[in-house]
Amino acid sequence: MMENVHLAPETDEDDLYSGYNDYNPTYDTEELENDTAFQQAVKTSHGRRPPDGVTRPMTAVRAAGFTKAALRGSAFDPLGQSRGPAPPLEARNEDSPEEKIRQLEKKVNELVEESCIANSCGDLKLALEKAKDAGRKERVLVRQREQVTSPENINLDLTYSVLFNLASQYSANEMYPEALNTYQVIVKNKMFSNAGRLKVNMGNIYLKQRNYSKAIKFYRMALDQIPSVHKEMRIKIMQNIGVTFIKTGQYSDAINSFEHIMSVAPNLKAGFNLILSYFAVGDREKMKKAFQKLIAVPLETDEDGKYISPNDDPHTNLVIEAIKNDHLRQMERERKAMAEKYIMTAAKLIAPVIETSFAVGYDWCVEVVKASQYVELANDLEINKAIMYLRQKDFNQAVETLKMFEKKDSSVKSAAATNLSFLYYLENEFSQASSYADLAVNSDRYNPSALTNKGNTVFANGDYEKAAEFYKEALRNDSSCTEALYNIGLTCKKLNRLDEALDCFLKLHAILRNSAQVLYQIANIYELMEDPNQAMEWLMQLISVVPTDSRALSKLGGLYDSEGDKSQAFQYYYESYRYFPSNIEVIEWLGAYYIDTQFCEKAIQYFERASLIQPTQVKWQLMVASCFRRSGNYQKALDTYKDIHRKFPENVECLRFLVRLCTDIGLKEVQEYATKLKRLEKMKEIREQRTKSGRDGSGGPRGRRDGSAGSDGGQNCGAGSRGERLSAQLRALPRTEEPYDSSSNKELDASYVDPLGPQIERPRTAAKKRVDEDDFADEELGDDLLPE
């Protein structure tokens with residue numbers, strides 16, 4: 001037993017590194033090339049053969065590249081590289097039915113995608129065409145599948161998507177019957193799972209068609225087929241049902257739907273619609289409760305403090321800067337703005353009716369809002385309260401309400417001061433308007449409305465350069481402030497900088513495409529620049545926006561008249577008269593036009609209209625009588641002159657024509673009228689002597705008309721007419737803007753002639769005078785209006 005025990009030597013002179021260089025020659029790789037046995041083993045399987053010489057099966061070495069038929073001594077080729085490259089892949093048979101089906105299915109999917117993309121880009125017609133093409137190819141695909149494979153291998157998902165897309169495109173193109181038929185095909189096919197939900201879409205179509213009973217029916221059918229786990233979908237369908245009930249006037253049923261929604265999953269739209277329903281039935285207490293429910297709806301947005309850096313950490317600041325205006329933040333702002341809109345609208349709706357007066361109602365709403373998460377809306381409600389006072393013409397209460405904001409924070413103070421400045425500006429109290437505009441600007445220097453109102457007060461005082469500076473500052477603070485840009489244009493126009501004014505209004509036209517005020521200003525500037533063609537072109541655009549604006553029509557008629565196009569001028573003047581038959585200038589032009597075209601009987605109605613508008617102006621009645629005389633109706637002319645003489649017994653012109661007509665007809669009253677005429681002529685001579693020096697110092701005569709008395713009277717009276725009818729110095733007609741006064745001491749040295757004679761002068765039209773800012777109702781400063 002001890003023979004296997006080896007004792008350690010007792011010598012102390014042991015070598016610790018002995019045997020370090022000893023090695024087994026088996027591991028000597030340097031001599032492997034000279035090792036015959038090893039080389040033989042590598043080349044053949046000689047080294048792995050059993051010593052007894054029994055032949056070993058070759059299956060174990062197939063993976064190494066050996067085969068049973070391998071020759072002895074062949075080269076080592078485990079990857080089979082000596083056999084050459086692999087044969088080419090078998091070519092696809094494109095004529096096979098399976099391949100045709102696969103390609104057709106791919107084409108259908110592409111058409112559906114293209115249809116959806118076209119719809120998202122707004123090309124609804126192209127989207128519908130693509131959807132129809134996909135439907136046709138899908139039906140061909142189904143027939144081919146039925147011929148090749150069994151019916152259960154049909155791609156139902158593809159069929160569903162094609163039909164659904166086609167129905168959606170029909171609905172988008174307002175082809176509602178076709179859309180309903182397509183939806184019916186889907187809904188009635190039991191092989192489509194969850195197809196019942198599409199009844200919501202069918203209900204929406206019936207709602208658009210105003211078939212409210214069927215819309216409610218399909219909404220309820222869809223609601224029955226949607227399981228209760230899909231809570232959000234069920235709530236939306238119930239909301240649609242409630243809205244449909246409101247449209248049908250079934251407010252009690254609508255209230256039930258919205259009350260259920262507010263108890264299960266309250267949201268802003270349902271709360272607002274509930275308030276509307278209670279308002280429709282006039283339930284004051286329920287309106288208050290519904291408003292409180294609306295206020296309590298959670299906003300589900302982060303606090304603004306989240307976007308304020310708590311420290312100076314650069315990494316944190318970068319993160320906050322990145323998320324400050326990202327899509328999520330924008331969505332939060334939109335949701336908050338929508339909530340504020342619903343609350344403000346609801347408060348303005350119910351405040352006048354929930355209490356005995358609208359002021360008490362607004363106070364209740366303000367208190368409820370102050371106790372909610374929308375406390376900042378309380379100030380806006382107070383300002384709306386002031387606006388309600390304005391609508392009821394209670395300006396003192398409106399001013400008192402707005403003055404309460406003078407001691408509040410800067411933003412609210414600025415808004416209230418802006419409105420106060422606006423009110424005082426409308427009342428032409430420019431000093432008060434200026435002081436409140438200064439207060440608004442000092443409270444918020446970046447308030448464009450305050451700067452615009454301050455510019456308006458300076459503009460009213462005639463300091464146009466300084467006003468332009470305020471307008472430009474407002475525009476720098478808010479590039480979308482169209483009032484400031486408009487007022488800059490007016491200021492440049494006042495300063496005769498027409499090119500700059502035109503540039504401002506053209507920029508404004510690019511923003512406000514259909515603004516009648518802007519279009520008029522552009523046309524007026526072109527007229528001042530003596531470019532009538534451009535002025536007429538812009539006035540045509542103005543008329544396309546406001547086709548019933550009589551002043552724009554008369555303005556365009558005047559431009560055509562100045563260009564010599566009488567037919568076009570008549571068309572626009574007539575349209576202007578049709579919409580506003582009280583414009584004296586238009587009436588005068590139309591009357592003169594008919595006289596010029598030898599239709600005196602048609603001119604009578606216009607001068608009669610003028611005499612109704614200005615009954616103290618004898619001019620129009622004399623023109624009526626003269627039209628009767630020129631048309632040959634002497635009796636009617638005589639009666640008209642007699643009527644004029646009764647109303648204006650000291651009118652010399654009327655007596656002159658009475659004498660002429662009575663002489664021609666041979667009436668006995670001629671002597672009476674001649675005596676009156678002589679007496680008036682003597683009185684005229686006396687007044688001329690007394691007022692000669694005053695008349696000479698006044699700068700010359702007024703109201704002189706060209707022509708001769710005999711030009712028209714030659715065909716009405718013979719050579720034996722009395723000379724005094726033609727030689728008398730007569731008093732001229734007063735101007736159209738002056739009231740007629742028979743006892744006036746003013747003397748004019750112009751001789752009157754028949755205004756309707758052959759040498760008649762065309763009456764002055766709107767086109768022959770420069771149109772000032774006061775001539776067009778819309779030419780006013782663009783004040784910032786009170787918020788609605």
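Two residues are in contact here when their heavy atoms come within 4.5 Å of each other. With that in hand, let's walk through this structure, which is a predicted model.

We can start with the chain as a whole. The protein chain has 34 helices and 0 strands. Of its 788 residues, 40% are buried. The chain exposes about 45600 Å², and carbon and sulfur atoms supply 50% of that area. If you look at contacts with a separation of 6 or more, residues 24 or more positions apart account for 55% of them.

Now zoom in on helix α2, which covers residues 97-120 and holds Val108. Val108 has a relative accessible area of 0%, so it is buried. What does Val108 touch, once residues up to four places away in sequence are set aside? Its partners are Ala134, Lys137, Glu138, Leu158 and Val162. Arg136 sits 28 residues from Val108 along the chain, yet the C-alpha atoms of the two are separated by 9.0 Å.

Ser115 belongs to helix α2 as well. Is Ser115 buried or exposed? Its relative accessibility is 0%, and therefore Ser115 counts as buried, the cut-off for that class being under 20%. Leaving out neighbours within four places in sequence, Ser115 is in contact with Ala127, Lys130, Ala131, Asn165 and Gln169.

Further along, two pairs of helices show how the packing works. Take helix α11 (residues 284-296) and helix α14 (residues 358-370): their axes are 10 Å apart and they pack at an angle of about 30°. Because of that angle, α11 is roughly parallel to α14, a term that applies to angles under 35 degrees. The crossing of these helices, α11 and α14, is right-handed. On the α11 side the residues are Lys288, Phe291, Gln292 and Ile295, and they meet Trp364, Cys365, Val368 and Val369 in α14. Sorted by class, this contact of α11 with α14 has 6 nonpolar, 1 polar and 1 charged residues.

The other pair is helix α13 (residues 327-354) with helix α15 (residues 377-391), which pack at an angle of about 40° with their axes 11 Å apart. That angle is why α13 is described as oblique to α15. The crossing of α13 and α15 is right-handed. From α13, the contact draws on Glu340, Ile343, Met344, Ala347, Lys348 and Pro352, while α15 brings Leu377, Asp380, Leu381, Asn384 and Met388. The residues of this contact of α13 with α15 divide into 7 nonpolar, 1 polar and 3 charged.

Finally, let's turn to the backbone in two loops. Most residues other than glycine have a negative phi. Asn428 is not a glycine, and yet its phi is positive, at about 65°. Where is Asn428 found? It is in the loop between α17 (410-426) and α18 (430-443). With a relative accessible area of 55%, Asn428 is exposed.

Gln598 lies in the loop between α27 (584-596) and α28 (600-613). Its relative accessible area is 57%, so Gln598 is exposed, the cut-off for that class being over 50%.

Note on methods
Residues are numbered from 1 along each chain as its sequence is written. This is a predicted model: local features need pLDDT of at least 70, side-chain atom pairs count only at pLDDT 80 or more; totals for chains, interfaces and linings use all residues. Side-chain values use heavy atoms; hydrogens and water are left out. Helices (H or I, at least four residues) and strands (E, at least two) are DSSP runs, numbered from the N terminus. Buried means under 20% relative accessible area, exposed over 50%, partly exposed in between (1.4 Å probe, protein chains only). Accessible areas come from the Shrake-Rupley method with a 1.4 Å probe; for residues, only the protein chains shown count as cover. Axes are lines fitted to C-alpha atoms, for helices over the stretch in contact, and angles run from 0 to 180 degrees between N-to-C directions. Angles under 35 degrees count as roughly parallel, over 145 as roughly antiparallel, 65 to 115 as roughly perpendicular and the rest as oblique. A crossing is left-handed if the near helix is turned anticlockwise from the far one by less than a right angle, and right-handed if clockwise. Ala, Val, Leu, Ile, Met, Phe, Trp, Tyr, Cys and Pro count as nonpolar, Asp, Glu, Lys and Arg as charged, and the others, Gly among them, as polar.
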